[in-house]
Amino acid sequence: MGAFEIREDFYLNDQPFKILSGAIHYFRIDREDWYHSLYNLKALGFNTVETYVPWNAHEPQRGHFHFEGNLDLEHFIQVAQELDLYVILRPSPFICSEWEFGGLPAWLIEKDLRIRSSDPAFLEEVARYYDELLPRVAKYQLDRGGNILMMQVENEYGSYGEDKAYLRAIRDLMIERDITCPLFTSDGPWRATLRAGTLIEDGLFVTGNFGSRANYNFSQMKEFFAEHDRKWPLMCMEFWDGWFNRWKEPIIKRDPEELAEAVHEVLQEGSINLYMFHGGTNFGFMNGCSARGTVDLPQVTSYDYDALLDEQGNPTPKYDAVKKMMKTYYPEYPQSEPLVKSSLSERTLELTQKTSLFGNLNEIAQVTESLYPQTMEEIDHPLGYLLYETEVEMDAEEERLRIIDARDRVQVYANDQLIATQYQEEIGQDLFLNGEKKTITNLKFLIENMGRVNYGHKLLADTQRKGIRTGVCIDLHFKLHWKQYALDFSQLDRLDFSKEWQEGQPAFYQFAFHLDQVEDTFLDMTGFGKGIVLVNGHHIGRFWEVGPTLSLYIPHGFLKDGENEILVFETEGTWKETLELVSQPTFKEVKGENL
């Protein structure tokens with residue numbers, strides 16, 4: 001049993017306590033690697049781990065909850081406690097975190113409610129989720145013999161809204177479900193966000209998020225505290241030691257020595273949570289998206305973040321620099337040697353077999369029919385790919401075709417031949433069908449949800465619907481009678497490789513190979529266009545030849561002794577006969593500036 005209090009300082013069992021925390025998201029790391037990452041955090045001399053809790057991963061369909069495997073939050077907390085690490089838990093409904101829809105379940109989009117607000121309909125859904133989540137973690141609070149120090153009520157809400165009734169409602173939902181540890185909010189450190197996003201007037205602890213200029217940012221927080229007659233310890237809940245990356249933009253890096261000095265500047269005045277300590281991977285379709293004007297910018301699969309541990313979980317030069325700084329200025333925090341994982345020897349995999357998507361639609365897709373095209377949310381298929389099919393009678397030798405409104409990326413096929421690929425800025429532009437008058441043309445539209453925004457003003461249900469959202473016009477009228485094929489990548493054992501492969505069409509490529517030992521590796525996708533990869537049924541994420549990343553990380557836990565299978569789903573018709581397993585990530589130089 002222990003006691004954690006927030007007074008003029010943090011106190012653990014009545015002794016002043018400096019929080020030295022690092023962010024490790026259990027849901028971005030294979031379960032078999034949790035110990036490795038947590039051990040390396042402890043080896044740095046740190047005493048606490050922080051993690052978000054993603055609602056959409058735990059309740060992907062309404063009422064269907066998952067807390068097993070890589071989502072076994074309780075086990076993650078237990079492993080941390082075995083290593084004498086405390087936990088800061090952030091189970092707020094919204095997490096941002098460069099994660100699909102900021103952690104909100106996409107099924108909320110079809111509900112008549114306003115997210116992140118005091119709308120009773122939204123709060124009812126949060127309450128139902130908390131009924132499942134909070135009893136699982138309440139028993140790990142410090143005052144019950146566990147290791148949870150405190151929990152977050154909302155995340156950077158001052159950068160979104162100022163609905164204090166909503167913040168109080170979330171706080172109350174937590175308290176009503178037996179959460180007794182200290183609660184907090186985290187926001188940007190300037191007055192506007194702190195005033196809008198905190199409950200300082202109710203005595204709820206306030207933390208700030210920033211990545212540099214600690215003295216200045218802490219001074220802003222102190223001014224805000226003084227306005228409300230609060231004498232609280234200072235804590236940076238997210239000290240950004242790196243940054244995330246988007247497609248078509250250069251990789252973002254930060255100098256290790258500069259970072260170590262910036263961390264020292266924080267620790268001279270307060271406590272810290274390094275965001276990220278180990279970034280990990282946006283497995284599956286869970287990468288987020290940045291909102292920029294009319295065009296959204298999806299983020300890459302890797303969440304390496306240029307963190308202290310690389311995507312694989314091994315120490316980087318940043319780790320060494322911070323460790324040296326800690327040993328110099330804070331020798332009272334014991335350190336040890338970190339763990340380092342090895343990688344598979346590099347090897348070439350040969351193509352086993354291939355087959356086109358169109359011939360396998362009935363094997364791997366759930367089919368619905370409707371008068372007008374339905375969105376991904378309407379048919380309860382919110383992630384990945386949706387293929388629409390219809391038939392057009394040609395009234396002229398050239399017909400004008402327009403996709404009125406769709407998200408995010410559309411490939412258009414006439415009689416199974418690609419006629420156009422449109423991304424957000426092109427969707428709605430004229431296309432033309434050519435053929436004989438009074439004949440029938442088959443149309444297919446393969447649409448990819450490339451990730452919902454995770455932050456900012458576009459975080460609203462109406463902006464985040466995916467698929468064909470309004471309709472398709474032929475000549476000047478909306479086309480009726482549609483089939484929707486929801487591609488189900490959990491059903492790929494039903495692929496029929498005897499079906500013909502067609503050049504230029506979306507297709508599946510199988511690579512079967514044998515392993516005598518199992519270690520981490522990276523899959524170099526150079527020579528392939530765009531798509532996703534599954535390794536022994538594990539969806540390891542998206543690839544795209546535009547860069548800046550050209551490889552995908554495969555943790556050893558996704559491989560097995562003996563026979564293994566890699567399935568590549570590629571949409572551009574750009575492929576090759578071999579794949580390379582490599583020991584380090586592969587990159588493409590991208591010119592231009594990060595937005």
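**Notes on the predicted model**

1. Start with the interface of domain 1 and domain 3. About 2,500 Å² is buried between these two domains, and carbon and sulfur atoms give 59% of that area. The model is predicted, so please read every value below as computed from predicted coordinates.

2. The bounds used here come from the domain assignment. Domain 1 covers 4-330. Domain 2 is assigned in two pieces, 347-354 and 496-582. Domain 3 covers 360-487. Domain 1 gives 31 residues to its contact with domain 3, and domain 3 gives 26. The C-alpha centres of domain 1 and domain 3 are 38 Å apart.

3. How many salt bridges cross the interface of domain 1 and domain 3? The rule finds three. Separately, D296 and K458 join their side chains in a salt bridge, with N to O at 2.8 Å.

4. Now the nonpolar core. The largest one has 122 residues. Within this core, F4, M150 and F239 touch the most other members. Helix 4 (residues 120-138) supplies the largest share, 10 residues. As background, nonpolar side chains in soluble globular proteins tend to be buried together.

5. M150 deserves a look in the viewer. Residues up to four places away in sequence are left out of its list. The remaining contacts of M150 are F4, I6, I19, V87, I88, L89, C181, P182, F184, M235 and M237. C181, one of these partners, is buried at 10% relative accessibility.

6. Why are there no disulfides in the structure? Take two cysteines as cases. The closest cysteine sulfur to that of C181 belongs to C236 and is 20 Å away, so the two are too far apart for a bond. For C289, the closest cysteine sulfur is in C96 at 12 Å, which is also too far for a bond. C289 is buried, with a relative accessible area of 3%. The total for the structure is zero disulfides.

7. Helix 1 (residues 34-43) is largely enclosed by the rest of the structure, because seven of its 10 residues are buried. Those buried residues are W34, H36, S37, L38, N40, L41 and A43. Their cover includes strand 4 (20-24), strand 5 (48-52) and strand 11 (271-278). Helix 3 (73-82) and helix 9 (317-329) are also among the covering elements. After helix 1 comes G45, with a positive phi near 100 degrees.

8. Is L194 buried or exposed? Its relative accessible area is 0%, so L194 counts as buried. L194 sits in helix 6 (residues 191-197). With neighbours within four places in sequence set aside, L194 contacts D187, G188, P189, V206, M221 and F224. Q429 is 235 residues from L194 in sequence, and their C-alpha atoms are 43 Å apart.

9. The structure holds 42 salt bridges. One of them pairs the side chains of K253 and D306, at 3.7 Å from N to O. This pair links distant parts of the chain, 53 residues apart. K253 is in the loop between strand 10 (235-240) and helix 8 (256-269). D306 is in the loop between strand 13 (295-298) and helix 9. K253 is exposed at 62% relative accessibility, whereas D306 is buried at 11%.

10. R469 and D405 form another salt bridge, 3.3 Å from N to O. These partners are 64 residues apart in the chain. R469 lies in the loop between strand 24 (467-468) and strand 25 (472-474). D405 lies in the loop between strand 18 (398-403) and strand 19 (406-407). R469 is partly exposed, with a relative accessible area of 24%. D405 is partly exposed too, with 21%.

11. E448 and K530 meet at 2.7 Å, N to O, in a salt bridge. E448 belongs to strand 23 (residues 440-449) and K530 to strand 30 (residues 530-535). The chain separation is 82 residues. Both E448 and K530 are buried.

Conventions:
Residues numbered from 1 in each chain as written. Predicted model: local features only at pLDDT ≥ 70, side-chain atom pairs only at ≥ 80, totals over all residues. Heavy atoms only, no water. Core = buried A, V, L, I, M, F, W, Y, C linked by side-chain atoms within 4.5 Å. Buried < 20%, exposed > 50% of the residue type's maximum accessible area, 1.4 Å probe, protein only. Helix = DSSP H or I, 4+ residues; strand = E, 2+ residues; numbered from the N terminus. Contact = heavy atoms within 4.5 Å. Disulfide = S-S within 2.5 Å. Domains from an automatic or database assignment. Buried area = accessible area lost by both parts, 1.4 Å probe. Salt bridge = Lys/Arg side-chain N within 4 Å of Asp/Glu carboxyl O.
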